[in-house]
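Student: Could you help me learn to read a protein structure? I would like to go through it one feature at a time.

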Amino acid sequence: MLSFFVVFLIVLIFLLFKVNKTYFILALCKRIKCVDGRPLEEKVCIIPGKTIFGNNLDILSMTPEKIFQLCRDWAKFSKDRSYVHHFYRASVYNIIKAEDAEQLFQSQILTTKGAFYELIRPFLGDGLLMSNEEKWHSRRKILTPAFHFNILQTFNEIFKEESLKLLEKLKCLQHDRVNVSDLIDEFSLNNVCETALGVKLDDVAGGAEYRTATHNIEPILIRRACNPLMYYGFMFYLFGQYREQKHYIEITHNFSAKIINKKREEFLKNNAYDIDKENSYTKTRYALLDTLLHQEAQGFVDHHGICEEVDTFMFEGYDTTSTCLKFTLLNLAQYPDIQEKCYQEIASLTDFDNLTVFDFNKLEYLGCVLKETLRMYPSVPFIQRQCTKETVLNGLILPINTQINIHIYDIMRDAKHFPEPLVFKPERFLPENTSSIHPFAFVPFSAGSRNCIGQKFAMLEMKTVLVALLKTYRILPVTPTKDLVLENGMILRTKQQVFVKIVPRII
Ligand code: HEM
């Protein structure tokens, strides 16, 4: 009997040992392999887990600041090679080099968003950011015209109005230490509300609550994302912050639904079904919501679909641009010579009220400053895809369900493509210097078919407010950029509140 048991044990250990070569049994996932049969370690770095369960417990209870640091530590540990870790029943392939990102961005197959995005789904629904395949294709087709050049021109008027309102607000803050968030958040949300929804935020109750609610959702999401057990809905419901999250999401959804219903009434009253395509583009103040209501009238999208898209655009259009603007203001304050160059470029512009999209497009150096800010502080520091079937990428066989993390932050700080990557040098993006930049080394808006639909919108909005600010004020440093403590979330954030000083320009 004993000998039988010993033989059984030996066979079992032998079998487990063999199976473990293909499956990481204790991490419950299939392993990534090299196409040419070489050991995986020769091609990528494998991050050892803190426990025998792969990396499943490595980020448990980590703060956003610690997660940010861990990502940098792993990149350093991998000695600048892309790396693999194992988390939540999957192998995770982490891309930190432009060369490794190229095939992925060009792929027509690897477009499905990763497991992390599932956690955002209760908030953003199946809008453009989250949807996949057929649904994504048809929505992208519907929404692309909403960013048509002619529509951007009408948005530009809104950006200018909001910029002037911001200057007014600043009159009583001159010479004081100004919290950059107080300055920018309202401006950015007003813009997206008026462009996406066609409604002035000042005219709608609940704007401040919406802002607070979106900010409160993120920490809950990050805490959930760190614990593999919390990816299961019932575990989150029983032991997570389900109720708290539901409360905040309801605030955001009610806010957008209220506006959608109000807008629909106006739309029906104005008989807007009859607007033909040509007119719709040239009509003043044509909001994204008008595009969607027009599509609803034709049966291409329903009320639920409109809510998903509006929630997506509100979130994507608000937090991303406001974050970039905050880092830009800190950089301009930190580097007075660069600020002066921007001022020289805009000094010759005509009256602010009469500036057109063409004028803003011509601001080459200001554009470089924004790009360099996005390179060093990308509003979206990482994105994720997943394999819906076994896929070959960069000489690796990625099993079905493999997660692919694309670390935009690391890709854009690669010294190979951006020498002295920690130095703020807008000149890198002058046309004469860009020919040598790898096509996938600068990807703050992602790249390929799932790139950011709002990138021109964002650049125009940011240039507009910066012109207004720099024409009137000098921005002085309070929080040095070297002291910034960065945090990884859906959006790159700073742990501390950041401040600048604003003083009138004496001409
Ligand atoms: C500085 C500003 C911005 C940055 C850095 C940024 C960055 C990005 C990135 C990296 C993605 C890819 C996300 C992924 O693959 O998971 C994305 C997608 C997207 N962005 Fe932006 N974004 C910005 C502004 C905006 C604005 C202003 C809007 C809308 C008004 C917008 C709407 C979207 C949408 C709808 C998607 C999903 C596109 C799709 O999958 O087809 N973004 N953005």
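**Reading helices, a ligand shell and a sheet**

Tutor: Happy to! In this predicted model, the axes of helix H13 (residues 303–334) and helix H16 (residues 364–376) come within 9 Å and cross at roughly 110°.

Student: Which residues of H13 and H16 make the contact?

Tutor: H13 brings Cys 324, Phe 327, Thr 328 and Asn 331, while H16 brings Val 369, Leu 370, Thr 373 and Leu 374. Of the residues in this contact, five are nonpolar, three polar and none charged.

Student: Which helix gives the most to the shell around the ligand?

Tutor: That is H13, with seven residues. Helix H19 (455–472) also supplies at least two. The ligand has 25 residues around it, and Glu 316, Gly 317, Thr 320, Cys 452 and Gly 454 come nearest. By type, the shell divides into 14 nonpolar, seven polar and four charged residues.

Student: Now the sheet: in what order do the five strands lie?

Tutor: Follow E4-E5-E6-E11-E8, an open sheet with mixed pairing. Strand E4 (45–46) and strand E8 (383–386) are the edge strands, each pairing on one side only.

Student: How many bridges join strand E5 to strand E6?

Tutor: Five bridges join E5 (residues 83–87) to E6 (residues 90–95), and the two strands run antiparallel.

Key. Residues are numbered from 1 along each chain as its sequence is written. This is a predicted model: local features need pLDDT of at least 70, side-chain atom pairs count only at pLDDT 80 or more; totals for chains, interfaces and linings use all residues. Axes are lines fitted to C-alpha atoms, for helices over the stretch in contact, and angles run from 0 to 180 degrees between N-to-C directions. Helices (H or I, at least four residues) and strands (E, at least two) are DSSP runs, numbered from the N terminus. Two residues are in contact if their C-beta atoms, placed from the backbone, lie within 7 Å. Ala, Val, Leu, Ile, Met, Phe, Trp, Tyr, Cys and Pro count as nonpolar, Asp, Glu, Lys and Arg as charged, and the others, Gly among them, as polar. A residue is near a molecule or strand if its C-beta atom, placed from the backbone, lies within 6 Å of it. Two strands pair if DSSP finds at least two bridges between them.
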